[in-house]
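The entries below are in the order I worked.

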Amino acid sequence: QITDFIERNLNNADALKEVISFFIMVEERGEAALYLDRFRRFPASDPEVKKFDGMIAEYDGKIREAIAFYESSFKGNPSDLTTIRYLGNLYVKQKMWDKAIKHYRRALDFHPNEPDLLERAGTLLVSCPVLDLRDYKAARDFSERAFIHTGSPPEVLISSAYSLAEAYIALGDKKNAVSFMNIAVSLARNQNAPKEYIAELEKKLKVFSSLK
């Protein structure tokens with residue numbers, strides 16, 4: 001029972017964090033705010049408080065406020081993976097490309113071998129709509145590190161292989177571009193990815209294969 005758990009752990013900071021997260025996820029923002037107020041009393045809680053403030057603001061659709069809270073939380077504790085991911089996702093959703101790229105680069109200073117962060121950095125650097133922000137060599141390097149990481153889940157492997165192919169074709173290496181696009185197609189098929197996505201990969205493979 002969640003009520004019993006809360007009553008037993010009102011003075012336990014770690015338990016309160018779990019309680020706040022639970023109420024945010026089930027969209028009980030009032031309850032989340034109630035326990036967040038209690039959590040604010042604990043020493044050194046500020047980055048965590050800002051993270052939860054950001055989560056509540058995001059669930060309420062207050063995106064600018066959420067970004068500001070996440071940024072404050074990240075500044076206070078730049079190693080928190082939850083904050084890193086939430087802030088990065090919002091930057092991308094809001095098409096804040098420069099901030100997104102700088103954010104993932106900064107996050108990788110603290111988590112240099114985190115597969116999803118490597119993949120996101122590589123994908124952004126190879127496909128950013130703002131061409132001046134692209135960096136194909138860095139995209140290749142980040143994507144390769146994500147691809148060879150033994151802990152990469154299938155979706156990271158597919159995306160990093162796709163980004164590797166895009167980086168190689170931009171760098172004039174058709175052989176590796178076609179090779180990694182073939183890998184991306186094969187992985188996507190094996191994972192029963194959406195048909196539209198597989199079709200997109202197959203179309204790109206055909207384009208790359210036809211280049212001289």
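**Entry 1. Overall**

I noted at the start that this is a predicted model. I looked up the secondary structure and found 12 helices and 0 strands. The run of elements from the N terminus is therefore α-α-α-α-α-α-α-α-α-α-α-α. I took the extent of the C-alpha trace along its principal axes, which is about 65 × 35 × 30 Å. Of the 212 residues, 41% are buried. I also looked at contacts with a separation of 6 or more, and 50% of them join residues 24 or more positions apart.

**Entry 2. Helix H4**

I checked the length of H4, residues 46-59, against its residue count. At 1.5 Å a residue its 14 residues should span 20 Å, and the end C-alpha atoms are 20 Å apart, which agrees. Next I asked how many residues of H4 are buried. The count is 10 of 14, so I put the helix down as mostly covered. The buried residues are Pro47, Glu48, Val49, Lys51, Phe52, Asp53, Gly54, Met55, Ile56 and Ala57. I noted that the list holds Glu48, Lys51 and Asp53 along with Val49, Phe52 and Ile56.

Which helices do these buried residues pack against? I found H2 (13-25), H3 (29-39), H5 (63-76) and H6 (81-93). Just after the helix, Gly61 takes a positive phi of about 80°.

**Entry 3. Ile67 in H5**

I picked Ile67, which is found in helix H5. Ile67 has a relative accessible area of 8% and is buried. Leaving out residues up to four places away in sequence, I found that Ile67 touches Leu87, Leu90, Tyr91, Gln94 and Met96. I also took the distance from Ile67 back to Lys51, which is 16 residues away along the chain, and their C-alpha atoms are separated by 9.7 Å.

**Entry 4. Nonpolar cores**

I looked up the largest nonpolar core and found 42 residues in it. The residues with the most contacts inside that core are Ile20, Ile24, Leu36, Phe39, Phe52, Leu124 and Phe142. A second, separate core has 18 residues, including Ala177, Phe180, Ala184 and Ile198. In soluble globular proteins, nonpolar side chains tend to be buried together.

**Entry 5. Aromatic pairs**

I counted 5 aromatic pairs in the structure. I looked at one of them, Tyr168 with Phe180, and found it stacked, at 5.9 Å centre to centre with 10° between the planes. Tyr168 lies in H10 (residues 154-170) and Phe180 in H11, so the pair ties together parts that are 12 residues apart in sequence. Ring pairs link Tyr168 and Phe180 with Phe147 into a cluster.

**Entry 6. Helix H12**

I ran the length check on H12 too. Its 16 residues reach 22 Å from the first C-alpha to the last, close to the 22 Å expected. The buried residues of H12 are Ile198, Leu201, Leu205 and Phe208. Why do I say that they line one face? Seen down the axis of H12, the buried residues fall within an arc of 85°, so they line one face of the helix. An α-helix has 3.6 residues a turn, so residues three or four places apart point the same way. The face turned away from the buried side carries the exposed residues Lys195, Glu196, Lys203, Lys206 and Ser210. I found H10 and H11 among the elements that cover the buried residues of H12.

Lys95 has a phi of about 60° and lies in the loop between H6 and H7 (97-110). Asn192 has a phi of about 55° and is found in the loop between H11 (174-190) and H12 (195-210). Are they buried or exposed? Lys95 is exposed, at 60% relative accessible area, and Asn192 is exposed, at 68%.

Technical notes
Residues numbered from 1 in each chain as written. Predicted model: local features only at pLDDT ≥ 70, side-chain atom pairs only at ≥ 80, totals over all residues. Heavy atoms only, no water. Helix = DSSP H or I, 4+ residues; strand = E, 2+ residues; numbered from the N terminus. Expected span 1.5 Å × (residues − 1). Buried < 20%, exposed > 50% of the residue type's maximum accessible area, 1.4 Å probe, protein only. Contact = heavy atoms within 4.5 Å. Core = buried A, V, L, I, M, F, W, Y, C linked by side-chain atoms within 4.5 Å. Phe/Tyr/Trp six-rings, centres within 6.5 Å; stacked < 30°, edge-to-face > 60°. Arc of directions from axis to C-beta.
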